[in-house]
Amino acid sequence: MKRRVLDEICGPNDIHRIDPADYRQLAKEIRRRLVDTVSETGGHLSASLGVVELTMALHLTLTFPEDKLVWDVGHQSYVHKILTGRDDYMPSLRQFGGISGFPDVRESECDAFCVGHASTSVSAALGLAKARDLRGGDELIFAVLGDGALSGGMAYEAMNNAVEAKTGMVIVLNDNKMSIAQNVGGMSNYLGQIRANRRYRDLKDRVEEALDRIPTVGVPLAKQIRKTKDSLKHLLLPGMLFEDMGLTYIGPIDGHDIWTMKEAFEAAASMKDETVLVHVVTKKGKGYRPAEEKPDLFHGIGAFDRFTGEPYEDASKAPATYTDVFSEWMVNRGSDHPDMVSVCAAMPDGTGVSAFAEKYPDRAFDVGIAEEHAVTFSAGMAAGGLRPVVSIYSTFLQRAYDQILHDVCNAAYPVIFAIDRSGIVGHDGRTHQGIFDLAYLLPMPGMTVISPMDGDEMIEAFDYALEKCDGPVAIRYPRGEAFWYDDEREPFELGKAEVLKTGKEVVIFAVGDMVKTALEVREALEPEMIRITVVNMRFVKPFDETLVKELASKHTVVVTMEDGVKKGGFGECVASILQSEGVNPKGFMTVALPDEFIPHGSTEELRRAYHVDADSVAGNIREIYRKVR
């Protein structure tokens with residue numbers, strides 16, 4: 001039986017004991033492991049396949065956990081997990097109770113920093129480098145920046161500060177799609193390899209120092225050489241943007257050549273007082289043809305057939321999602337509202353605006369991973385008379401909190417926020433759960449917050465925001481299949497809730513996705529003669545205070561249900577109103593998520609674990625009702 005090289009990787013730094021002749025075989029086995037794992041668990045495959053050799057070169061340069069490696073976003077970290085001894089745990093990737101799909105300091109001391117959002121690695125690495133300097137340490141600090149993260153302004157803020165900080169750290173730019181990679185050729189690679197060679201750098205420095213010591217002519221001659229050299233670099237080197245910022249640039253180099261990268265990383269690490277950017281060029285999906293041909297599809301994918309690369313679930317036959325409903329609404333309303341424009345932040349497919357962009361390309365703007373800019377850019381367009389619809393996942397919109405408050409709400413601009421992936425989203429875990437949006441949106445003056453209960457109401461909510469609202473509106477909706485309620489509905493009016501079912505003992509005021517759960521709770525308790533009134537709140541701000549006070553005073557138990565954190569959420573708003581008005585039901589219960597980060601797992605597992613599923617809520621209502629009746 002053929003020896004498996006990957007079996008020799010049982011813990012951090014075991015790669016240092018691998019025979020260099022086996023590196024290619026190890027890379028092949030890691031790719032096979034990635035495909036086998038992600039085909040079962042789902043995950044971010046393309047980026048990880050593209051950084052196999054890059055991660056091997058980094059691990060051959062660094063010693064873990066003493067040295068620190070900070071990943072950006074974390075989509076690229078699967079190989080790092082394998083090389084630090086977590087290969088046996090890969091079948092549990094992104095599963096409830098298993099290992100995370102992102103670097104996590106709770107999971108391994110070889111993960112230097114918790115990440116999940118883009119453009120943060122340089123800032124975190126610079127902080128680690130400064131901490132090292134103040135402690136008198138000597139560990140190496142590397143940050144891997146890639147997967148589009150350079151479209152985020154935070155990366156440039158950090159690089160600018162790194163130059164001023166004058167501390168030794170290395171930024172690895174993993175370039176797998178930028179046009180700069182397509183424009184380089186043999187000369188640029190040759191120059192990159194020369195500049196990565198420490199002997200060349202030492203020789204260049206010695207020549208310039210020697211010229212500086214020659215009286216009269218030496219200094220002017222050295223200056224002229226430097227000036228000429230810099231002019232040539234502007235013509236020949238694609239890294240002059242970084243050089244002009246004050247960074248030392250090495251590259252571009254082949255991101256699948258382990259030896260060249262190792263030499264570059266060692267040279268960069270030897271520059272103790274400089275921030276060095278090593279530019280490596282990789283291919284997304286490398287080594288697995290379906291991912292090479294469709295890297296975007298395999299960027300984040302569910303379970304699939306590893307032999308064909310075909311997803312097990314046919315998206316064309318899947319039930320309509322809330323994202324699909326929004327996408328169709330955008331296209332349908334686009335023709336009637338020529339002032340409507342779409343703004344997204346690097347997620348046109350994920351947020352459902354690709355179809356609008358295809359039909360109305362001049363009115364669709366993808367600003368990259370730059371949520372802060374997306375919001376203020378939209379505020380500017382609103383100030384200019386347009387009606388921007390900003391589609392951003394709930395977890396990513398957190399990054400633009402100040403821009404929403406300061407640039408949109410302050411002037412009451414009519415910007416519509418389409419907040420996808422609200423509530424528990426599942427397998428991406430702590431950094432991606434959309435559970436904080438109500439808590440950060442509700443305090444904003446002038447902001448209208450709508451949480452529709454089903455697909456039809458979602459359309460009504462967007463129509464209302466577009467045609468009847470002259471200020472900012474946030475419409476939040478969950479990931480996954482849209483719910484459709486069959487019974488007759490009350491007219492959609494500002495700040496008005498609707499009573500879906502009537503009872504006598506218990507009233508549930510439910511928000512958005514939790515209305516469906518509330519209806520299931522009512523059905524479960526009906527045989528026990530616990531009769532429940534179910535109210536669809538629709539508007540979370542302003543909410544129907546009159547109806548809430550009226551029904552709360554008529555029922556024994558009052559329950560609020562929301563798919564967000566309890567602190568600062570809807571339930572606390574209801575409790576505050578009832579207390580101020582002197583309405584004191586015998587029982588009061590808030591169904592919401594606790595003051596903590598929610599880990600990864602399926603949405604069903606997480607709802608059960610945090611007692612916000614129908615069975616858990618029904619059990620808790622049964623218990624509190626029996627105590628107070």
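**Close-up views of a predicted model**

Figure 1. Leaving out residues up to four places away in sequence, Glu53 touches Ala27, Arg31, Gly255, His256, Ile258 and Met261. The model shown here and in the other views is predicted. The side chain of Glu53 is joined to that of Arg31 by a polar contact of 2.8 Å.

**Figure 2. The largest nonpolar core, with Phe326 and Ile508.** This core holds 65 residues, and Phe326 and Ile508 are the members that touch the most others. Helix α25 (residues 614–628) supplies the largest share of the core, seven residues. Apart from this core lies another, made up of 55 residues, among them Tyr23, Met56, Leu93 and Ile301. In soluble globular proteins, nonpolar side chains tend to be buried together.

**Figure 3. Contacts of Phe326.** With neighbours within four places in sequence set aside, Phe326 is in contact with Thr351, Val353, Val389, Ser391, Ala418, Met458, Phe462 and Tyr477.

**Figure 4. Packing of helix α16 against helix α18.** Helix α16 covers residues 371–383 and helix α18 covers residues 401–409. Their axes lie 9 Å apart and form an angle of about 10 degrees. Because angles under 35 degrees count as roughly parallel, α16 is described as roughly parallel to α18. From α16, the contact involves Glu372, Val375, Thr376 and Ala379; from α18, Gln403, Ile404, Asp407 and Val408 take part. By class, four residues of this contact are nonpolar, two are polar and two are charged.

Figure 5. Pro65 is located in the loop between α3 and β1 (68–71). Pro252 belongs to strand β4, residues 248–254.

**Figure 6. Positive phi at Ser119 and His611.** Most residues other than glycine have a negative phi, and most peptide bonds are trans. Ser119, which is not a glycine, has a positive phi of about 75 degrees. The loop between α4 (78–86) and α5 (121–135) contains Ser119, and this residue is buried, with a relative accessible area of 2%. His611, also a residue other than glycine, has a positive phi near 60 degrees. The position of His611 is in the loop between α24 (603–609) and α25.

Methods. Residues numbered from 1 in each chain as written. Predicted model: local features only at pLDDT ≥ 70, side-chain atom pairs only at ≥ 80, totals over all residues. Heavy atoms only, no water. Core = buried A, V, L, I, M, F, W, Y, C linked by side-chain atoms within 4.5 Å. Buried < 20%, exposed > 50% of the residue type's maximum accessible area, 1.4 Å probe, protein only. Helix = DSSP H or I, 4+ residues; strand = E, 2+ residues; numbered from the N terminus. Contact = heavy atoms within 4.5 Å. Axes fitted to C-alpha atoms, helices over the stretch in contact; angles between N-to-C directions. Parallel < 35°, antiparallel > 145°, perpendicular 65-115°, else oblique. Nonpolar A, V, L, I, M, F, W, Y, C, P; charged D, E, K, R; others polar. Polar contact = N/O pair within 3.5 Å; in protein donor to acceptor, adjacent residues only side chain to side chain.
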